[in-house]
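Student: I would like a close look at one part of this model, the nonpolar core and the elements packed around it. Please keep to what can be read from the coordinates.

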Amino acid sequence: SGILPILDDQCKAPGTTDKTFATDIYKKCTSHSHFQADYRQVGSNKFGVRHYAGIVEYDTIDFVAKNKDELPREATELLSGANNDFVRVLADIIHSQQQQQQQQSAAMPANKGG
């Protein structure tokens with residue numbers, strides 16, 4: 001499993017944080033030859049990827065938040081007000097999914113890791 005599939009999984013799961021993402025990539029990617037996470041990097045929630053031109057270091061801060069596929073509430077409201085029935089149905093589906101995600105997140109215990 002690579003970094004991007006791990007990030008996708010983290011973004012779909014309720015209650016995840018940048019710390020849980022970092023922990024997951026350290027656990028699953030350490031054996032990959034292009035992945036680097038020394039003690040300094042792990043301590044600061046960073047990791048490195050060996051590219052053709054050398055190692056590039058990444059910081060996991062805001063990785064999860066920036067990669068969640070969520071529409072802003074205003075966009076859903078705009079779609080709900082559309083004249084087209086199909087677009088309004090899509091808005092209802094999106095709104096229902098957002099409510100489910102919020103309920104799942106609220107039901108999860110607070111993550112102490114991050």
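Tutor: What follows goes from the chain as a whole to the core, then to the sheet, and ends with some single residues.

The model is predicted, so to speak of local features requires pLDDT of at least 70, side-chain atom pairs count only at pLDDT 80 or more, and totals for chains, interfaces and linings use all residues. Residues are numbered from 1 along each chain as its sequence is written, and side-chain values use heavy atoms, with hydrogens and water left out.

The protein chain has six helices and three strands, where helices (H or I, at least four residues) and strands (E, at least two) are DSSP runs numbered from the N terminus. Along the sequence they follow the pattern α-α-β-α-β-β-α-α-α. Of the 114 residues, 21% count as buried; buried means under 20% relative accessible area, exposed over 50%, and partly exposed in between, with a 1.4 Å probe and protein chains only. The chain exposes about 8100 Å², of which carbon and sulfur atoms supply 54%; accessible areas come from the Shrake-Rupley method with a 1.4 Å probe, and for residues only the protein chains shown count as cover. Among contacts between residues at least 6 apart in sequence, 37% join residues at least 24 apart, a contact being heavy atoms within 4.5 Å.

Now the core. In soluble globular proteins, nonpolar side chains tend to be buried together. The largest nonpolar core here has 14 residues; such a core is a set of buried Ala, Val, Leu, Ile, Met, Phe, Trp, Tyr and Cys residues joined through side-chain atoms within 4.5 Å. The residues with the most contacts inside this core are Ile3, Phe21, Ile25, Phe35 and Phe47. At least two core residues come from each of helix H1 (3–12), helix H2 (18–29), strand E2 (46–51) and helix H4 (63–67). H2 gives the most, with five residues.

Ile3 shows how these elements meet. Leaving aside neighbours within four places in sequence, Ile3 is in contact with Phe21, Ile25, Cys29, Phe35, Phe47 and Val49. Two of these partners are also bridge partners of each other: Phe35 is paired with Val49 in E2.

The sheet comes next. Strands of a sheet pair through backbone hydrogen bonds, either parallel or antiparallel. In this model an open sheet of three strands has the order E1-E2-E3, with antiparallel pairing; two strands pair if DSSP finds at least two bridges between them. Strand E1 (35–36) and strand E3 (54–59) are the edge strands, each pairing on one side only. E1 and E2 are joined in the antiparallel sense by two bridges, while E2 and E3, also antiparallel, are joined by six. A hairpin connects E2 to E3 through two residues. Within the pairing of these strands, Phe47 stands opposite Tyr58 in E3. H2 lies across E1 and E2, and runs at about 45° to E2; axes are lines fitted to C-alpha atoms, for helices over the stretch in contact, and angles run from 0 to 180 degrees between N-to-C directions.

Asp24 counts as buried because its relative accessibility is 11%. Not counting residues up to four places away in sequence, Asp24 touches Ile6 and Gln10. The side chains of Asp24 and Gln10 are joined by a polar contact of 3.3 Å; a polar contact is a pair of N or O atoms within 3.5 Å, where within protein one must be able to donate a hydrogen and the other to accept it, and residues adjacent in sequence count only if both atoms are side-chain atoms.

Asn45 lies in the loop between helix H3 (39–43) and E2, and its phi is near 55°, a positive value in a residue other than glycine. Asn45 is partly exposed because its relative accessibility is 22%. Asp62, in the loop between E3 and H4, has a positive phi of about 70° although it is not a glycine. Asp62 is partly exposed, with a relative accessible area of 36%.

Gly54 and His34 are 20 residues apart in sequence and 10.0 Å apart in space, C-alpha to C-alpha.
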